[in-house]
Amino acid sequence: MKDSTFITRVVLKNYKSIAACDVQLQPLTFLVGRNGSGKSNFLDALRFVADALNSSLDHAVRDRGGINDVCRRSRGHPNHFSIRLEFALPEGFTGHYALQIRKRPPGGYEVQTEECSVENKSRLTSEACFRVESGTVTDTSVEVAPAAAIDRLYLVNASGLPEFRPVYDALSQMGFYNFNPDRIRDLQDPDHRDVLLRDGSNLTSVFKQLSPTVKQDIEEYLAIIVPGVRGVEIEKLGSKETLAFRQNVVGDKHPWRFLANNMSDGTLRLLGILVALFQGNHGTQKRVSLVGIEEPETAMYPAIVGALLDEFRHAAHKAQVIITTHSPDLLEDKHLDVDSILAVEAHDGNTVIAPVDDVSKSVVHDKLFTIGELLSRDQLQPDPASVVSAKKAKQLCLFNFEKRNSNRTKNKEKH
């Protein structure tokens, strides 16, 4: 598989139910665990970054119920949460973006620390960097730095600089989806945005903007997975729009047209998933860097769920894909790479996320069981050696600006 990986590593501390985790991501990654284990909270941490960049930090916090609902609740009463994302950009640059948000009474917050570094892999030197602490730019590689604010993400201001624009674009162009068939059925207003909304409420407009080639591919996939469907069109009803499906009917030579309000939840969710996976492929300027989909198996026939795996693999050649699931049918393929699985468990209200244990890996590699079979037997366990314990959490490095400054000083001394 072509390496489309954008986010290579995720480090979280005190985010919702996640006390700490440190995981590597693949071009196609599955977060597997029971209901309520915290799979969605991991995905939501990535969505939090995208939301804060696309709208505002205040909107991202309020949309999740306030800072007290975002920051993990525990006996230790942590007063902050942290997110570190290490990335690889298509232009050959690597780097990291990290932030720490601290609670301030009563119910307020501040950006305690925010840091970004972009490096050229071939030179192993810092191309661009900044660090902001409590509203003050403490260090930066640019000569004239934008102003900082204590309650806003600095990367939004820094995106006006060419050094940081690719990072901003890639992080803000991540899409996360939990489709609501009722919102897809509703008559929709035309929407100029070409990125699909989380619930699918602008699916009609996004589908309309896709290139003919991408539309054809989606219709062909839809026809394979849902026999009888022959195409999808846009139906204008006054100032509103809706989807119209062409579908075979027994005894009639030509397909009939059915509006979205006559289609099943599974069919509408499936179309939403396909559009989410292949949106943006018609223009490199609007490339969707990462697509996260929550429980695609919901409301779908098991045989359809199994067929979705091929679509995820195909889509992962162009954009990174992360799937949360507890469906054995989706993971039944004996050729599925066990390294693409992250096992998720809840221990006394704390979410644990790690690669699967060595025994499970060995069983899958020896083709004794598929990943789906292990999941159905409740045998997919996080690797204890990879789980971030309380002791390891204290040693997690989310910010490495001081180390980079030290290296930069040494390089200057050499010259």
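1. Start with the bridge at phenylalanine 30: its partner in β15 is isoleucine 341. The model is predicted. Strand β3 (residues 28-32) and strand β15 (residues 341-347) run parallel, and three bridges join them.

2. Now the sheet around that pair. It is open and has six strands, ordered β9-β13-β14-β3-β15-β16. The pairing is mixed. The edges are β9 (174-177) and β16 (350-355). Each has a single partner strand, so one side of each lacks a neighbour in the sheet. On average, neighbouring strands are turned by 15 degrees against each other, direction ignored.

3. Two helices to check against this sheet are α1 and α9. Helix α1 (residues 39-54) lies across β3, β9, β13 (290-294), β14 (320-325), β15 and β16. Its direction is at about 140 degrees to β9. Helix α9 (residues 265-278) lies across β9, β13 and β14, and runs at about 160 degrees to β13.

4. Helix α9 also packs with helix α8 (residues 212-225). Two packed helices are described by the angle between their axes and the distance between the axes. Here the angle is about 145 degrees and the axes are 10 Å apart. The crossing of α8 past α9 is right-handed. From α8, the contact uses Val214, Ile218, Tyr221, Leu222 and Ile225. From α9 come Leu270, Leu271, Leu274, Val275 and Phe278. By class, the contact residues are 10 nonpolar, no polar and no charged.

5. Is serine 82 buried or exposed? Serine 82 is buried, because its relative accessibility is 0%, under the 20% cut-off. This serine sits in strand β4 (residues 80-88). Its side chain makes a polar contact with the side chain of glutamine 100, at 2.8 Å. Leaving aside residues up to four places away in sequence, serine 82 touches Val11, Leu12, Lys13, Leu99, Gln100 and Leu398.

6. Next, the backbone. Most residues other than glycine have a negative phi, and most peptide bonds are trans. Proline 105 and proline 106 are joined by a cis peptide bond, with omega about -5 degrees. Proline 106 is in the loop between β5 (93-104) and β6 (108-120).

7. Lysine 16 has a positive phi, near 50 degrees, and is not a glycine. Lysine 16 is placed in the loop between β1 (7-15) and β2 (18-24).

8. Glutamate 295 has a positive phi too, of about 40 degrees. The loop that holds glutamate 295 runs between β13 and α10 (302-315). With a relative accessible area of 22%, glutamate 295 is partly exposed.

Key
Residues are numbered from 1 along each chain as its sequence is written. This is a predicted model: local features need pLDDT of at least 70, side-chain atom pairs count only at pLDDT 80 or more; totals for chains, interfaces and linings use all residues. Side-chain values use heavy atoms; hydrogens and water are left out. Two strands pair if DSSP finds at least two bridges between them. Helices (H or I, at least four residues) and strands (E, at least two) are DSSP runs, numbered from the N terminus. Axes are lines fitted to C-alpha atoms, for helices over the stretch in contact, and angles run from 0 to 180 degrees between N-to-C directions. Contact means heavy atoms within 4.5 Å. A crossing is left-handed if the near helix is turned anticlockwise from the far one by less than a right angle, and right-handed if clockwise. Ala, Val, Leu, Ile, Met, Phe, Trp, Tyr, Cys and Pro count as nonpolar, Asp, Glu, Lys and Arg as charged, and the others, Gly among them, as polar. Buried means under 20% relative accessible area, exposed over 50%, partly exposed in between (1.4 Å probe, protein chains only). A polar contact is a pair of N or O atoms within 3.5 Å; within protein, one must be able to donate a hydrogen and the other to accept it, and residues adjacent in sequence count only if both atoms are side-chain atoms.
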